Amino acid sequence: MNKFMLRLFLPVLTLLLFAQCRKKAFDEKYDRPDNLQPPFYQQLQSAGRFTSLLKLIDKSGYKPTLEAGGYWTLFAPNDDAFKQFFTDRGIGSANDIDSVTARAMVQYMLIYNAYKEDRLDDYQATVNNTGWTPSIAFRRRTAYYTGFYTDTAKNNKPVVALATNRNNKGGANGNYVTGDDNNKYITYFTNSYFSSFNLSAADYNYFYPNSAYAGFNVGEAKVITKDQVAENGVWHEVDKVITPLMSIDEYIRTKPQYSSFRAILNRLYTNNTISFIYNATASQRYRVLTGKSDSVFVKVYSNLLAYSPNNENFMKEEDNDGQKDCWTLFIPTNAAIDNYVNNVLCEYYASVDQLPLEVITDFLNAHMFPTAVWPSKFNVTKNIFSEPARFDPYADVVEKKILSNGFLYGTSKVEEADVFSTVYGKAFLNPQFTMMTRLLKSAGLNLLVSKSNISVNMLLVPDAVFSTAGYSYNATKSQYEYRATPTSSATTNGVYDKLIRIVKTCVFFAPYKASTDNLSGSGIVKSGDAGNEGDYIKFNNNKLETGGLLDAGITANVDSFKTAANGNVYFINQLPVFSEKGIGFHIKKLGESTSSDYNYFWQYLSNSSYYSATTAEIIGLTGFSTLFIPSNAAIVQAVNDGLLPGTGTAPSKVPTFNPSNEQGKDLVRKFIQYHILYGHTVVPDGKTESPMNYESFLKNALGTSLKFTVTTTPGVLSIKDNYGRTANVITAQSNNLSNRSVIHLLDNYLKYNDN
């Protein structure tokens with residue numbers, strides 16, 4: 001070789017040697033390690049017992065995915081599982097399964113990310129980087145989703161639709177998120193998860209009675225070889241073929257025995273519970289994929305419902321929250337629904353079309369539990385009304401299914417929701433009582449009277465009676481109004497407060513509820529919120545009196561009554577209005593006659609500077625109070641004992657009703673104030689805690705209220721003053737109603753010591 005050629009060849013040789021060395025170093029660093037396990041596909045081939053599954057993988061187009069790198073979990077049915085599957089389905093072999101079905105099956109066997117058993121039941125929290133929460137997950141998102149399908153819109157028109165992938169929170173498009181394929185979930189069962197939630201094999205076998213619980217099951221399949229590590233993930237061998245599950249929405253479309261419930265759940269004409277919302281992006285995608293020009297609509301459930309039964313993503317408040325919970329639907333059969341609709345929901349309506357939307361959604365929500373309701377947990381798992389599933393899991397459930405987005409229980413009866421079965425339901429379900437229903441909600445009383453575990457009796461006043469009394473609700477302005485006459489201008493001044501006080505007079509909680517169990521007798525009873533002071537009503541032979549009705553000289557009649565789950569409802573023909581008169585008006589009415597036993601007290605009061613003749617009020621006395629008024633004889637005794645001003649010599653003194661000196665005036669003030677129980681009303685009904693110390697309206701020089709002790713039993717009420725003396729209420733002349741006050745007659749006076 002000449003020198004020229006040698007000089008030319010040596011650099012090239014050097015470059016080739018350098019390149020070969022670099023390639024060797026690169027291969028050593030980046031080549032597939034010798035100890036790396038083969039991908040799924042190759043391992044299934046090598047095992048020799050997954051020939052049918054491999055054929056499905058080939059048909060599905062997933063061979064390139066499963067024989068290459070990735071990060072999946074695969075639930076792999078063996079050939080014995082497929083043999084049984086083919087027999088059950090009347091299929092010859094995997095060759096008889098089309099590619100579309102094969103793809104769906106393979107996708108549903110694949111879940112995103114690689115999990116061994118010990119990690120599969122841990123929850124992957126994504127908020128605040130909290131990471132893994134052990135043993136609270138029982139579901140994982142699969143690679144399968146339904147996509148476009150045909151549904152039925154208005155006028156039975158078929159439409160191309162997509163299931164919504166979010167719960168509707170009132171957004172313009174129902175909160176549907178473009179780009180989220182609404183992938184289905186698969187459910188599995190592990191000992192660790194069952195232990196965390198105090199579940200047992202019985203919960204599993206309730207759904208899958210023909211499968212044995214083995215501590216690690218996927219659907220009705222048992223995992224027989226677990227935690228097989230592959231280059232592209234982890235696979236678990238199962239003994240049954242797993243097929244894609246329907247969502248709750250998809251499933252009930254195929255079940256005619258639930259058509260009555262579904263008709264309510266899928267209302268499109270009046271009081272709609274679903275809507276089909278056009279989606280331009282989905283329509284364009286559909287055209288690209290199919291070449292067809294159909295518009296695509298997203299099926300959206302009402303935002304008034306607890307959840308959307310076609311949403312596969314659970315709440316999606318976290319990306320993975322579908323791993324640890326799902327929906328539950330209790331769906332009554334047609335016979336149960338039709339009977340309940342006809343006899344309860346539509347007792348006062350011609351058809352479901354006339355029902356208020358709130359009635360419809362409350363009925364549906366009673367059956368829609370936004371959480372997993374396990375068979376052993378019916379009585380402790382609550383719906384959005386905080387009510388348990390009121391079904392016997394064996395006597396009342398005719399079908400049970402685990403579906404892709406939740407549990408479904410077909411039932412032979414409806415969920416007896418409190419909102420319908422209680423005294424509240426008697427107003428809520430009757431269009432003649434919309435004003436009462438609205439007022440009960442405004443007062444917050446609906447939260448109490450609609451609970452079956454809270455005993456209560458209630459008076460119901462028809463809308464017509466409110467209207468006759470001048471009261472109405474302006475829905476446009478969202479305000480209560482009053483008109484003195486039908487042609488008067490409407491006012492809102494103080495109207496809301498008056499109506500709330502009236503409606504509180506219509507409810508009777510324990511311990512007063514028992515006194516109104518039978519209004520055909522007679523008595524006096526306190527009304528109002530549980531634990532709070534309320535106005536009294538008096539009743540006698542189904543006729544009712546309140547302070548306001550007595551002022552007007554009328555009574556309210558009980559026209560009829562009905563029994564509900566938590567008490568009785570009495571339908572009355574007058575508003576149980578309260579008195580707006582000052583307490584002095586009623587004392588005057590009781591005592592202005594010289595023959596009245598209230599006369600002497602009235603004369604002292606009316607001449608006192610602590611009484612306003614203009615307002616008929618005792619100066620400074622506001623809110624609830626009880627007046628214990630001594631009889632004339634008791635007043636005379638107080639005069640002779642020096643507690644009230646008088647003339648003459650004891651024991652023959654006579655009252656001086658209008659003393660001129662300050663000492664006499666102060667005696668009158670103290671005497672009157674010590675006979676007023678301040679802040680409470682009590683009557684001889686035996687319902688008040690007894691004996692009980694109460695503050696009087698009289699205070700000593702230090703500003704401390706002087707007290708006395710009240711003892712009450714049915715028909716008897718006595719007061720012990722701070723000298724230990726006793727005075728008794730004269731029942732026959734007592735229980736006189738005033739504005740937030742009750743007036744009693746005493747057989748003695750109360751003596752105070754203000755030192």
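**Entry 1: α3 and its neighbours**

I began with helix α3 (residues 51-60) and helix α5 (residues 79-89), whose axes come within 7 Å and cross at roughly 75°. That makes α3 roughly perpendicular to α5. From α3, T51, S52, L53 and L56 make the contact, and from α5, D79, F82 and F86. By class I have 4 nonpolar, 2 polar and 1 charged residues in the contact of α3 with α5.

I note the source here: this is a predicted model, in which local features need pLDDT of at least 70 and side-chain atom pairs count only at pLDDT 80 or more, while totals for chains, interfaces and linings use all residues. Residues are numbered from 1 along each chain as its sequence is written, and side-chain values use heavy atoms, with hydrogens and water left out.

Terms for this entry follow. Helices (H or I, at least four residues) and strands (E, at least two) are DSSP runs numbered from the N terminus. Axes are lines fitted to C-alpha atoms, for helices over the stretch in contact, with angles from 0 to 180 degrees between N-to-C directions. Angles under 35 degrees count as roughly parallel, over 145 as roughly antiparallel, 65 to 115 as roughly perpendicular and the rest as oblique. Contact means heavy atoms within 4.5 Å. Ala, Val, Leu, Ile, Met, Phe, Trp, Tyr, Cys and Pro count as nonpolar, Asp, Glu, Lys and Arg as charged, and the others, Gly among them, as polar.

Next I looked up α3 against helix α6 (residues 99-109): the axes come within 8 Å and cross at roughly 110°. That makes α3 roughly perpendicular to α6. The contact is made by L53, L56, I57, K59 and S60 of α3, and by S99, A102, R103, M105, V106 and M109 of α6. The contact of α3 with α6 has 7 nonpolar, 2 polar and 2 charged residues.

**Entry 2: α17 and α20**

For helix α17 (residues 434-442) and helix α20 (residues 495-504), I find axes that come within 10 Å and cross at roughly 100°. The two helices, α17 and α20, are therefore roughly perpendicular to each other. M435, M436, L439, L440 and S442 of α17 meet Y496, L499, I500 and V503 of α20. This contact of α17 with α20 divides into 8 nonpolar, 1 polar and no charged residues.

**Entry 3: α14**

I checked burial in helix α14 (residues 357-367), where 9 of the 11 residues are buried (under 20% relative accessible area; exposed is over 50%, partly exposed in between; 1.4 Å probe, protein chains only). Among the buried residues of α14 are F363, L364 and H367. The cover over them includes α11 (259-265), β14 (327-332) and α13 (334-345).

**Entry 4: loops**

I looked up S734, in the loop between β36 (726-728) and β37 (736-738). S734 is buried, with a relative accessible area of 5%. A polar atom of the S734 side chain lies 2.7 Å from the backbone oxygen of I730. Leaving out residues up to four places away in sequence, S734 touches K538, Y598, V729, I743, H744 and L745.

N155 is exposed, with a relative accessible area of 65%, whereas F314 is buried at 7%.

I also noted two cis peptide bonds: A650 to P651, with omega near 10°, and S690 to P691, with omega about -5°. P651 is in the loop between β30 (646-647) and β31 (654-655).

How values were computed:
Polar contact = N/O pair within 3.5 Å; in protein donor to acceptor, adjacent residues only side chain to side chain.
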